[in-house]
Amino acid sequence: MRFLLLGLFLISCAGIIGNESINKPAADSRQKDLMSVPNKEEKKIMKGNDNVSLSSIKGFTLDNGLQLIVEEDHSAPVVAIQAWVSVGSADETDDIAGVAHLHEHMLFKGTSKRGVGEIAKIIEENGGDINAWTSFDDTVYHIVMPSEKYEMGLDIIADVIMNSAFDPKELAKEKEVVLEEIRQNRDIPQRRLIDELFSLSYEIHPYKRPVIGYADSVRKITRQKIYEFYKKFYVPQNIVLVVAGDVSAASIYSRVQNLFSAFKGTKPVSERRAEPQQNVPRIKIVKDKFIEAQIGIAFHISSISEEDTVVLDLLSVLLGGSQSAKLRETLVVDKTLATDIFAYSYTPKDKGLFIIGAGLPFSNIPDAFREIFEIILKYKFEKFSSSEVNKAIIQVESDDIFSLTTMQGRARKLGFYQMMTGDYDYGSKYLNRLRSITPDEIVKVAKKYFTRENMSVVLLLPDTVSEQILSEEQILNMFSKTEDFYRRRAEEKDPGRQIYKKVLKNGMTLIMEKNHRLPVVSLRAVSLGGVRYENEKNAGISNFVARMLTRGNSSMNTFQIMRVIDNIGGSISGYSGKNSLGLRAEFLSKYQDTGFKIFLDCLFKSEFSEEQMEKERRLILEDIKNREDDLAFQAVQLFLNTLYTTHPYRYDILGNESSISKLTRNDLLNFYRKIIVPKNVVLAVVGDIEPSLVEQMVEEYIQDIPDKEFIPLKLESEKIPTEVRKQIIYKEKEQAHIVIGFLGTTLYDKDRYVLELLSVILGGQSGRFFVDLRDKKSLAYTVSAFNVEGMERGYFAIYLSCAHHKVKISEEAIFEEISKLRSGGVLEEELEKAKNYLIGIHAIEMQEYSLRAHLYSLDELYGLGYDFHNKYADLIRSVTISDVKNIINKYFTPENAVVAVIRSQVR
């Protein structure tokens, strides 16, 4: 997070021992943004040493009010000692602006015990490092050194905190050093930009002043003023002392008690003025002696402890806090409008700012503003994908882990959270909250803060620029027009979504849904095939062919396909089922030309090389072998083998060892060329597309694909069993598995909707089987009911796993429940709940581009129509109690049942 850390550096001021450096820990005044303490048992600071804990972190409050936190970590012989004083530049008045920072410098200029330069000399001679930093809210003094010298480190920290001398001559010298620092900061474009941005964004709150102060105010600071400041704020109740490293908490506590026993004082009352809500946008254009232009945009946001803060932090990572963030990807990498860009959420003790900054050639300013507004305003109305949000969460968690590699990092985190929130374990709560953030929450927060009225803009230009690059009015109009565009799109009844169907010249059916909500494209190509088109000899051939679709074609081999798919942020794979086989893919919409080419090559130009085929054969055979351990699957497969005596629905999708071992390359090629022909292909495309361009692209591609006839297979449905069929397989396993079911119905029969509802009424988590057989009778851990339709008759089944000695009673209990169902039917309340569940689940599934493409393609392939999903809810709602009773009597006849059991022979 280099850009975030850069922003934090620009807000804070490092100490003076050695050269000020962006790489110093002191540069990071607000570590909370992407850091937190380890997830430990929550503990509060407690009085004295009463606490007895196995935790490596222990908290104490001394009698004088000073807080002490110790983390024992014996992984390295190092100790970090930090004194966090709850005072920063925001606690100053205008006439002494910069006194907190100057005061920090003076603490190293000698004490009553140690002369000028002696402190740094002692620390360095003993293999350590000492420094400090000042921010708006706190001043921090830190030492890192070998742990065997910890007493020396504690003694020095206590000395500078309690006994600073403030020698008048040294003060005069140090003021000159700070004045040089002020002049230097005005020459650094990014530092100048941040100072101007805070000054513009805050009108009365002290955050408006730079931490370092102003030249005039620093010159006027006297020894008396700095001493008064010291006596007011450097008191025990205003200080948190943190020690992390190879030390004993008990020893540290004892030593600190002795060192600070005479330290007294009362915690000062905060006198900060609250910043009023900003209701008018503010823009400032500054010219100075710079080569590169700078853009700064800020929005007032929350303080550190508020609920929105974690969401804002994550939003800053998504927009500008990583190499692949939206702003960087567009302005730096793709369109090269800026040389650098960052976004970060600065949430201190009081209300903070969300800041976006960029360095760029001045001629690119209009286009850069346009692109920045496009990106940040888009996500006021449109969601980041779940994968993008998860990736950003992982980035934050990764930064958190890496921040713990040093003792000083661990100490800094504990001190920051205790100082800013009053809870040094706040970091674990922060991470837990972070992991729960959803795309919807991010939209809500962006909408709350990214408003025209809440915006401040600073434009820093080289003084050599004579022409007007962009006026204030143009900047605001650009913001408003962009926001209006996304608002209108969001307010459309069906935002940006339209569905088109087109049968292409060679007979292939193309279905397209334009949906600009996310920059993603999902594709599904399906053909009639699957288990229905198989026999004893070639069982599993559909799955074999589907898996080979991504294993090399006339354009790319397997590794090239996967490499390019990874590069465009996508995935691709073949799949097969009972009635179909096909290909699925997803990728980012900006790479759709590449994605479509790979997808269509895999679909129509696969080559089935012997080498790849043998590799895949081994994998399939291994999968078949592993089925032996999946007893639930084995029970269902036994049920199918028993129910279906003639129909191919009895075959396992994977096939069997004998059939897979015998399939040749010619077998696969012939099946592939028979099934994957344009007239038997439905391609559904859903996402961020323009349908006319997709149609043109696909038409141009398939004009060279041979136009073959395809004759759909016609099969007879399985006959209803005339008596109970039962099969048992004995396996010496811990549990028995039972499947009891009946021949079901087809995709085209309205009975399917009643059977779907019955699967919920009987098998849902509040269903009859679950409640009666599991909860009341404790017969099973797992029990469910499911309805599977087919192009010919499918099945309705009940599955249950139980102990071997409960097999007989479980079978009887299932038939008893079926008998109750036949005699008593279902309640109106049960039916309504089941309807609500199925309709709700359908709506939930329809959110995803991939599932929409899947449903459109299959429904069209099976002859239901690509728009069948629009009819589904009404068909479910139309089912009556009378319909349910008729269907129960029609299908659930105990004499026609099929029973499959896998169990041990032990009875």
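A salt bridge is a side-chain nitrogen of Lys or Arg within 4 Å of a carboxyl oxygen of Asp or Glu. Side chains of opposite charge can pair when their charged atoms come close.

The model you see is predicted, so local features need pLDDT of at least 70, side-chain atom pairs count only at pLDDT 80 or more, and totals for chains, interfaces and linings use all residues. Residues are numbered from 1 along each chain as its sequence is written, and side-chain values use heavy atoms, leaving out hydrogens and water.

Let's start with charges. The structure holds 64 salt bridges. One of them joins Glu174 to Lys109, with the closest N and O atoms 3.2 Å apart. Glu174 sits in helix α5 (residues 168-187) and Lys109 in the loop between α2 (99-106) and α3 (118-125), so the pair ties together parts that are 65 residues apart in sequence. Helices here are DSSP runs (H or I, at least four residues), as are strands (E, at least two), numbered from the N terminus.

Now for two helix pairs. Axes are lines fitted to C-alpha atoms, for helices over the stretch in contact, and angles run from 0 to 180 degrees between N-to-C directions.

| Helix pair | Angle | Axes apart |
|---|---|---|
| α26 (residues 751-763) and α29 (residues 828-845) | about 105° | 9 Å |
| α10 (residues 308-320) and α11 (residues 326-334) | about 20° | 3 Å |

Angles of 65 to 115 degrees count as roughly perpendicular and those under 35 as roughly parallel. Helix α26 is therefore roughly perpendicular to α29. Their contact (heavy atoms within 4.5 Å) includes Leu757 and Val760 of α26 and Leu831 and Tyr837 of α29. Helices α10 and α11, by contrast, are roughly parallel to each other. Here Leu318, Leu319 and Gly320 in α10 meet Lys326, Leu327 and Arg328 in α11.

Conventions:
Parallel < 35°, antiparallel > 145°, perpendicular 65-115°, else oblique.
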